[in-house]
Amino acid sequence: DGGSQMIQWTDGAETLRTRMFARTTAAAALVTAPVRYLFWWSQGINDSLGNSNPAISDTVWKAKTIQFFGEIRAHYGADMPIVCTELPAPYTAYNARLAEIATELSGVYIAETSDASMRDTNHWSAAGFKTICPRMLAPLFFHDPTLRSLGPVIATQPADHTIEEPNDVDFVVATSSLTPVTVQWQKSDDGTTFSNVSGATNETV
């Protein structure tokens, strides 16, 4: 919930966590296939600002976050992967605590956001979310140790196109990774020998 703080997720009889459990249980009841949960978490700015409760230190925030992760894993499964987004630049102390949590708890991943564009000091822009969202999906691939050893994943391969000169066409590839991915497009005249296309280092070429 926007504007929430950790105390609203961990303490009290009627917490946001209680409501989340009720909603996901109701949603799972509508699905006939087995349900496997992945938890996405982006939280900490409001704790630093004290928007609705007194601000708490990054160390208290860390302790409450670990408590919360234990409570949701008790509900959804002890091996449920949890992926957290880094917070924007003004909140580096909280990012340091996130890194500690990812070291101390198995199956907790940090999605890098340093290159995501911002709408304002505390919020990513629409383009920023497009940068971040594939990284939040990455644990679907990386939670398994075998898959994780493979590094970044190509989520969508470019489609085949046939055109006549001098027309243009766009080729698009989608990647999934917890960190920024470097793309290099190549070309081949014979399907065997490939060379780099100069300047073609974006996901669209």
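Trainee: Let's start with Asp115: how accessible is it?
Mentor: Asp115 counts as partly exposed, at 40% relative accessibility. Here buried means under 20% relative accessible area, exposed over 50%, and partly exposed in between (1.4 Å probe, protein chains only). Bear in mind that this is a predicted model, where local features need pLDDT of at least 70, side-chain atom pairs count only at pLDDT 80 or more, and totals for chains, interfaces and linings use all residues. Residues are numbered from 1 along each chain as its sequence is written, and side-chain values use heavy atoms, with hydrogens and water left out.

Trainee: Okay, and which residue does Asp115 form a salt bridge with?
Mentor: With Arg135, and the closest N and O atoms are 2.8 Å apart. The pair links distant parts of the chain, since Asp115 sits in the loop between S3 and strand S4 (118-120) and Arg135 in helix H6 (residues 126-137), 20 residues apart. A salt bridge is a side-chain nitrogen of Lys or Arg within 4 Å of a carboxyl oxygen of Asp or Glu. Helices (H or I, at least four residues) and strands (E, at least two) are DSSP runs, numbered from the N terminus.

Trainee: Is Arg135 buried or exposed?
Mentor: Arg135 is buried, with a relative accessible area of 7%.

Trainee: How many salt bridges are there by that rule?
Mentor: The count comes to seven. One of them joins Glu104 and Lys62, with 2.8 Å between the closest N and O atoms. That pair also links distant parts of the chain, with Glu104 in helix H5 and Lys62 in helix H4, 42 residues apart.

Trainee: Which residues are linked in a network of salt bridges?
Mentor: Asp58, Lys62, Arg97, Glu100 and Glu104. Lys62 is buried at 15% relative accessible area, while Glu104 is partly exposed at 48%.

Trainee: Switching to H5, which of its residues are buried?
Mentor: Tyr94, Asn95, Arg97, Leu98 and Ile101. They lie on the same side of H5 because they cover an arc of only 160° around the axis, taken from the directions from the helix axis to the C-beta atoms.

Trainee: What do they pack against?
Mentor: Helix H3 (45-49), helix H4 (58-76), strand S2 (82-85) and strand S3 (108-111), with contact meaning heavy atoms within 4.5 Å.

Trainee: And which exposed residues are on the face turned away?
Mentor: Thr92 and Thr103.
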